[in-house]
Amino acid sequence: MKWMKFLLTGIAFGIVMAKSEAISWFRIQEMFRFQAFHMYGIIGTAVVLGAIGVALIKQYRIRDFKGNPIQFQPKEKGFFRYLTGGAIFGLGWALSGACPGPIVVNIGYGFFAMIIVFIFANAGTFLYGYFKDKLPH
Amino acid sequence: MIAAIMFSLVFFGQSFGFSSNLRTICAAIGLGKKVKFFDFDWRSNSWNLVFLVGAIIGGFIARQFLSEPGAAVQISSATVEDLARLGIGAPTSLQPDELFGWEAVFSVKGFLVLAVSGLLIGFGTRYAAGCTSGHAISGLSNLQWPSLVAVVGFFIGGLIMTFLILPLIFKQ
(Lines give C-alpha, C1' and ligand atoms only; values in the text may rest on other atoms or scores of the structure.)
Protein backbone atom coordinates (compact mmCIF):
# COMPACT_ATOMS: atom_id res chain seq x y z
CA MET A 1 0.00 0.00 0.00
CA LYS A 2 2.90 2.26 0.84
CA TRP A 3 4.09 2.11 -2.76
CA MET A 4 0.70 1.88 -4.41
CA LYS A 5 0.04 5.61 -4.36
CA PHE A 6 3.34 6.32 -6.10
CA LEU A 7 2.71 3.60 -8.65
CA LEU A 8 -0.74 5.01 -9.43
CA THR A 9 0.59 8.57 -9.62
CA GLY A 10 3.28 7.33 -11.99
CA ILE A 11 0.68 5.58 -14.16
CA ALA A 12 -1.38 8.77 -14.28
CA PHE A 13 1.77 10.70 -15.23
CA GLY A 14 2.58 8.23 -18.02
CA ILE A 15 -0.92 8.37 -19.46
CA VAL A 16 -1.06 12.18 -19.31
CA MET A 17 2.36 12.55 -20.95
CA ALA A 18 1.47 10.09 -23.71
CA LYS A 19 -2.05 11.37 -24.38
CA SER A 20 -0.95 15.02 -24.39
CA GLU A 21 1.73 14.03 -26.95
CA ALA A 22 4.37 15.63 -24.72
CA ILE A 23 6.46 12.50 -25.30
CA SER A 24 6.58 13.12 -29.05
CA TRP A 25 9.79 14.23 -30.77
CA PHE A 26 7.61 16.08 -33.26
CA ARG A 27 5.99 18.14 -30.51
CA ILE A 28 9.36 19.08 -29.03
CA GLN A 29 10.63 20.15 -32.46
CA GLU A 30 7.50 22.21 -32.95
CA MET A 31 8.12 23.82 -29.56
CA PHE A 32 11.76 24.72 -30.23
CA ARG A 33 10.72 26.16 -33.58
CA PHE A 34 7.99 28.24 -31.88
CA GLN A 35 5.46 26.97 -34.40
CA ALA A 36 2.65 25.95 -32.10
CA PHE A 37 1.25 26.71 -28.71
CA HIS A 38 0.78 23.03 -27.79
CA MET A 39 3.79 22.42 -25.50
CA TYR A 40 3.70 25.94 -24.10
CA GLY A 41 0.07 25.35 -23.21
CA ILE A 42 0.90 22.10 -21.39
CA ILE A 43 3.87 23.47 -19.45
CA GLY A 44 2.34 26.93 -18.95
CA THR A 45 -0.89 25.52 -17.53
CA ALA A 46 1.06 23.29 -15.17
CA VAL A 47 3.18 26.21 -13.97
CA VAL A 48 0.26 28.62 -13.47
CA LEU A 49 -1.81 26.03 -11.58
CA GLY A 50 1.33 24.94 -9.78
CA ALA A 51 2.17 28.46 -8.67
CA ILE A 52 -1.37 29.03 -7.39
CA GLY A 53 -1.25 25.73 -5.50
CA VAL A 54 2.16 26.41 -3.99
CA ALA A 55 1.00 29.87 -2.89
CA LEU A 56 -2.13 28.37 -1.28
CA ILE A 57 -0.09 25.70 0.51
CA LYS A 58 2.22 28.35 1.91
CA GLN A 59 -0.60 30.75 2.80
CA TYR A 60 -2.70 28.17 4.64
CA ARG A 61 0.23 26.05 5.86
CA ILE A 62 -1.36 22.95 4.41
CA ARG A 63 0.01 19.65 5.68
CA ASP A 64 0.67 16.41 3.84
CA PHE A 65 -1.25 13.17 4.44
CA LYS A 66 0.93 12.30 7.43
CA GLY A 67 0.26 15.68 8.99
CA ASN A 68 3.76 17.03 8.35
CA PRO A 69 3.99 20.62 7.18
CA ILE A 70 4.68 20.81 3.46
CA GLN A 71 7.99 22.48 2.77
CA PHE A 72 9.41 23.35 -0.60
CA GLN A 73 13.14 22.89 -0.85
CA PRO A 74 14.56 26.09 -2.27
CA LYS A 75 17.09 25.50 -5.03
CA GLU A 76 20.67 26.38 -4.13
CA LYS A 77 21.83 29.78 -5.27
CA GLY A 78 23.89 29.84 -8.39
CA PHE A 79 23.90 30.87 -11.98
CA PHE A 80 26.62 29.17 -13.97
CA ARG A 81 25.64 25.59 -13.22
CA TYR A 82 21.97 26.20 -14.03
CA LEU A 83 22.65 27.94 -17.31
CA THR A 84 25.41 25.59 -18.47
CA GLY A 85 23.80 22.41 -17.20
CA GLY A 86 20.50 23.57 -18.60
CA ALA A 87 22.02 24.23 -22.02
CA ILE A 88 23.66 20.77 -22.10
CA PHE A 89 20.34 19.25 -21.11
CA GLY A 90 18.59 21.30 -23.80
CA LEU A 91 20.93 19.96 -26.49
CA GLY A 92 19.95 16.42 -25.54
CA TRP A 93 16.27 17.27 -25.16
CA ALA A 94 16.02 18.73 -28.65
CA LEU A 95 17.98 15.81 -30.14
CA SER A 96 15.94 12.88 -28.83
CA GLY A 97 12.82 14.94 -28.18
CA ALA A 98 12.51 13.55 -24.69
CA CYS A 99 13.43 14.60 -21.19
CA PRO A 100 13.85 11.99 -18.44
CA GLY A 101 10.14 11.44 -17.74
CA PRO A 102 9.06 11.02 -21.37
CA ILE A 103 12.05 8.74 -22.05
CA VAL A 104 10.56 6.04 -19.84
CA VAL A 105 6.97 6.73 -20.91
CA ASN A 106 8.16 6.16 -24.49
CA ILE A 107 9.66 2.82 -23.48
CA GLY A 108 6.30 1.78 -22.04
CA TYR A 109 4.60 3.05 -25.18
CA GLY A 110 6.69 0.66 -27.24
CA PHE A 111 9.44 2.90 -28.58
CA PHE A 112 12.22 0.61 -27.41
CA ALA A 113 14.94 2.73 -29.01
CA MET A 114 14.47 4.99 -25.98
CA ILE A 115 16.05 2.25 -23.85
CA ILE A 116 19.37 3.31 -25.41
CA VAL A 117 18.71 6.94 -24.49
CA PHE A 118 17.79 5.86 -20.97
CA ILE A 119 20.93 3.78 -20.45
CA PHE A 120 23.13 6.58 -21.72
CA ALA A 121 21.26 9.13 -19.61
CA ASN A 122 22.32 7.10 -16.59
CA ALA A 123 25.85 7.05 -17.96
CA GLY A 124 25.69 10.84 -18.36
CA THR A 125 24.60 11.27 -14.77
CA PHE A 126 27.44 8.98 -13.73
CA LEU A 127 29.91 11.14 -15.67
CA TYR A 128 28.60 14.21 -13.88
CA GLY A 129 29.06 12.52 -10.50
CA TYR A 130 32.55 11.43 -11.49
CA PHE A 131 33.70 14.88 -12.61
CA LYS A 132 31.56 16.89 -10.19
CA ASP A 133 34.42 18.26 -8.12
CA LYS A 134 36.33 19.40 -11.18
CA LEU A 135 33.41 21.30 -12.71
CA PRO A 136 32.67 24.97 -12.02
CA HIS A 137 29.34 25.41 -10.26
CA MET B 1 -3.23 17.41 -14.90
CA ILE B 2 0.53 17.73 -14.47
CA ALA B 3 -0.02 20.18 -11.64
CA ALA B 4 -2.38 17.63 -10.05
CA ILE B 5 0.37 15.01 -10.26
CA MET B 6 2.87 17.39 -8.71
CA PHE B 7 0.54 18.14 -5.81
CA SER B 8 -0.23 14.46 -5.30
CA LEU B 9 3.49 13.84 -4.78
CA VAL B 10 3.79 16.89 -2.54
CA PHE B 11 0.80 15.68 -0.54
CA PHE B 12 2.46 12.27 -0.20
CA GLY B 13 5.40 14.06 1.40
CA GLN B 14 7.68 14.01 -1.65
CA SER B 15 8.43 16.29 -4.56
CA PHE B 16 8.06 16.13 -8.31
CA GLY B 17 11.41 15.73 -10.02
CA PHE B 18 12.03 12.89 -12.40
CA SER B 19 15.74 13.08 -13.12
CA SER B 20 16.72 12.27 -9.51
CA ASN B 21 15.97 8.71 -10.55
CA LEU B 22 19.07 8.63 -12.73
CA ARG B 23 21.24 9.36 -9.71
CA THR B 24 19.27 6.90 -7.62
CA ILE B 25 19.82 4.15 -10.21
CA CYS B 26 23.56 4.87 -10.31
CA ALA B 27 23.60 4.55 -6.53
CA ALA B 28 21.44 1.42 -6.54
CA ILE B 29 23.76 -0.44 -8.90
CA GLY B 30 26.59 0.17 -6.48
CA LEU B 31 28.46 3.09 -8.04
CA GLY B 32 28.56 4.76 -4.62
CA LYS B 33 31.59 2.62 -3.81
CA LYS B 34 33.53 4.34 -6.56
CA VAL B 35 32.11 7.85 -6.66
CA LYS B 36 31.03 9.75 -3.57
CA PHE B 37 28.20 11.54 -5.36
CA PHE B 38 26.37 8.20 -5.53
CA ASP B 39 27.14 7.20 -1.96
CA PHE B 40 23.85 8.00 -0.27
CA ASP B 41 20.84 6.14 1.03
CA TRP B 42 19.19 5.56 -2.33
CA ARG B 43 16.42 3.54 -0.70
CA SER B 44 14.95 6.79 0.58
CA ASN B 45 14.24 7.57 -3.08
CA SER B 46 12.61 4.23 -3.82
CA TRP B 47 9.25 5.95 -4.06
CA ASN B 48 10.50 7.81 -7.14
CA LEU B 49 11.61 4.54 -8.79
CA VAL B 50 8.11 3.20 -8.16
CA PHE B 51 6.81 6.37 -9.83
CA LEU B 52 9.14 5.62 -12.77
CA VAL B 53 7.78 2.08 -13.10
CA GLY B 54 4.28 3.57 -13.00
CA ALA B 55 5.21 5.97 -15.81
CA ILE B 56 6.29 3.02 -17.99
CA ILE B 57 3.02 1.22 -17.25
CA GLY B 58 1.14 4.46 -17.98
CA GLY B 59 2.80 4.66 -21.40
CA PHE B 60 1.82 1.06 -22.08
CA ILE B 61 -1.80 1.66 -21.04
CA ALA B 62 -2.00 4.78 -23.21
CA ARG B 63 -0.81 2.78 -26.20
CA GLN B 64 -2.86 -0.36 -25.61
CA PHE B 65 -6.17 0.99 -24.44
CA LEU B 66 -6.37 4.71 -25.02
CA SER B 67 -5.13 5.36 -28.52
CA GLU B 68 -6.26 4.65 -32.01
CA PRO B 69 -3.77 2.66 -34.03
CA GLY B 70 -1.92 4.74 -36.58
CA ALA B 71 -2.90 8.05 -35.02
CA ALA B 72 -0.32 10.64 -36.09
CA VAL B 73 0.71 13.76 -34.21
CA GLN B 74 -1.00 16.78 -35.75
CA ILE B 75 1.91 19.18 -35.77
CA SER B 76 1.80 22.51 -37.54
CA SER B 77 2.40 22.50 -41.28
CA ALA B 78 5.33 24.89 -40.80
CA THR B 79 7.09 22.27 -38.69
CA VAL B 80 6.30 19.53 -41.21
CA GLU B 81 7.93 21.66 -43.93
CA ASP B 82 10.99 22.44 -41.81
CA LEU B 83 11.46 18.78 -40.92
CA ALA B 84 11.04 17.72 -44.54
CA ARG B 85 14.10 19.82 -45.30
CA LEU B 86 15.99 17.65 -42.81
CA GLY B 87 14.72 14.54 -44.56
CA ILE B 88 12.26 13.69 -41.82
CA GLY B 89 8.82 12.78 -43.09
CA ALA B 90 5.48 14.01 -41.79
CA PRO B 91 4.34 12.20 -38.62
CA THR B 92 2.75 8.78 -39.05
CA SER B 93 2.73 8.08 -35.31
CA LEU B 94 4.08 9.77 -32.18
CA GLN B 95 7.73 9.43 -33.18
CA PRO B 96 9.73 9.62 -36.40
CA ASP B 97 11.07 6.32 -37.75
CA GLU B 98 14.11 8.24 -38.93
CA LEU B 99 15.24 8.39 -35.29
CA PHE B 100 13.51 5.58 -33.47
CA GLY B 101 12.85 2.90 -36.09
CA TRP B 102 14.94 -0.27 -35.97
CA GLU B 103 16.79 0.69 -39.11
CA ALA B 104 18.00 3.89 -37.44
CA VAL B 105 18.80 2.18 -34.14
CA PHE B 106 21.06 -0.35 -35.84
CA SER B 107 22.93 2.21 -37.92
CA VAL B 108 26.05 3.79 -36.46
CA LYS B 109 24.71 7.31 -36.89
CA GLY B 110 21.29 6.50 -35.50
CA PHE B 111 22.76 4.75 -32.48
CA LEU B 112 25.14 7.63 -31.81
CA VAL B 113 22.28 10.15 -31.98
CA LEU B 114 20.41 8.26 -29.27
CA ALA B 115 23.48 7.60 -27.15
CA VAL B 116 24.86 11.15 -27.28
CA SER B 117 21.42 12.55 -26.60
CA GLY B 118 21.17 10.35 -23.51
CA LEU B 119 24.61 11.42 -22.29
CA LEU B 120 23.75 15.11 -22.73
CA ILE B 121 20.43 14.71 -20.95
CA GLY B 122 21.86 12.74 -18.04
CA PHE B 123 24.90 14.94 -17.60
CA GLY B 124 23.09 18.24 -18.08
CA THR B 125 20.18 17.43 -15.83
CA ARG B 126 22.39 16.70 -12.84
CA TYR B 127 24.68 19.64 -13.55
CA ALA B 128 21.63 21.88 -13.61
CA ALA B 129 20.16 20.00 -10.63
CA GLY B 130 16.88 19.25 -12.33
CA CYS B 131 15.02 18.53 -15.54
CA THR B 132 11.75 19.70 -17.03
CA SER B 133 9.71 18.43 -14.09
CA GLY B 134 12.07 19.64 -11.37
CA HIS B 135 12.84 23.06 -12.84
CA ALA B 136 10.26 24.08 -15.42
CA ILE B 137 7.29 22.76 -13.44
CA SER B 138 8.16 22.39 -9.75
CA GLY B 139 10.79 25.12 -9.68
CA LEU B 140 8.88 27.77 -11.62
CA SER B 141 5.73 26.99 -9.62
CA ASN B 142 7.70 27.86 -6.51
CA LEU B 143 9.02 31.00 -8.25
CA GLN B 144 12.65 29.94 -7.99
CA TRP B 145 15.20 32.05 -9.83
CA PRO B 146 17.62 29.18 -10.43
CA SER B 147 14.85 27.30 -12.18
CA LEU B 148 14.17 30.20 -14.50
CA VAL B 149 17.89 30.33 -15.32
CA ALA B 150 17.85 26.58 -15.96
CA VAL B 151 14.81 26.87 -18.25
CA VAL B 152 16.56 29.64 -20.19
CA GLY B 153 19.49 27.21 -20.43
CA PHE B 154 17.18 24.45 -21.73
CA PHE B 155 16.12 26.77 -24.52
CA ILE B 156 19.64 27.94 -25.35
CA GLY B 157 20.69 24.30 -25.76
CA GLY B 158 17.46 23.33 -27.49
CA LEU B 159 17.67 26.14 -30.02
CA ILE B 160 21.33 25.45 -30.78
CA MET B 161 20.48 21.80 -31.39
CA THR B 162 17.37 22.54 -33.44
CA PHE B 163 18.76 25.25 -35.70
CA LEU B 164 22.52 24.60 -35.83
CA ILE B 165 23.28 20.95 -35.09
CA LEU B 166 20.25 19.01 -36.40
CA PRO B 167 20.80 20.42 -39.91
CA LEU B 168 24.38 19.08 -39.75
CA ILE B 169 23.31 15.65 -38.51
CA PHE B 170 20.52 15.24 -41.03
CA LYS B 171 22.22 16.96 -43.92
CA GLN B 172 20.71 15.79 -47.17
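**Entry 1. Conventions.** I treated the model as predicted: local features need pLDDT of at least 70, side-chain atom pairs count only at pLDDT 80 or more, and totals for chains, interfaces and linings use all residues. Residues are numbered from 1 along each chain as its sequence is written, and chains are lettered from A and ligands numbered from 1 in the order in which they are written.

Entry 2. Helices are DSSP runs (H or I, at least four residues), numbered from the N terminus.

**Entry 3. α6(A) against α7(B).** How do these two helices pack? I read an angle of about 40 degrees between α6(A) and α7 (residues 108-127) of chain B, with the axes 6 Å apart. Axes are lines fitted to C-alpha atoms over the stretch in contact, and angles run from 0 to 180 degrees between N-to-C directions. The pair is therefore oblique (under 35 degrees is roughly parallel, over 145 roughly antiparallel, 65 to 115 roughly perpendicular, the rest oblique). The crossing is right-handed, the near helix being turned clockwise from the far one by less than a right angle. Among the residues that meet are A:Val117, A:Phe120 and A:Tyr128 in α6(A), and B:Leu114, B:Gly118 and B:Arg126 in α7(B). I noted 17 nonpolar, six polar and one charged residue in this contact.

**Entry 4. A:Val117 and the core.** The largest nonpolar core has 88 residues, of which A:Val117 and B:Met6 touch the most other members. Such a core is a set of buried Ala, Val, Leu, Ile, Met, Phe, Trp, Tyr and Cys residues joined through C-beta atoms within 7 Å. Buried means 20 or more other C-beta atoms within 10 Å, exposed 12 or fewer, and partly exposed in between. α4(A) gives the largest share of this core, nine residues. Beyond four places in sequence, A:Val117 contacts A:Ser96, A:Ala98, A:Ile103, B:Leu114, B:Ser117 and B:Gly118.

**Entry 5. α1(A) against α1(B).** I read an angle of about 165 degrees between α1(A) and α1 (residues 2-11) of chain B, with the axes 10 Å apart. The two helices are therefore roughly antiparallel. A:Thr9, A:Ala12, A:Phe13 and A:Val16 meet B:Ile2, B:Ile5, B:Ser8 and B:Leu9.

Entry 6. Phi of B:Ala129 is near 60 degrees, positive in a residue other than glycine. B:Ala129 sits in the loop between α7 and α8 (132-141) and is buried, with 23 other C-beta atoms within 10 Å. I also checked B:Ser147 in helix α9; its C-alpha atom is separated by 4.7 Å from that of B:His135, twelve residues apart along the chain. Beyond four places in sequence, the contacts of B:Ser147 include A:Lys75 and B:Gly130.

Conventions:
Two residues are in contact if their C-beta atoms, placed from the backbone, lie within 7 Å. Ala, Val, Leu, Ile, Met, Phe, Trp, Tyr, Cys and Pro count as nonpolar, Asp, Glu, Lys and Arg as charged, and the others, Gly among them, as polar.
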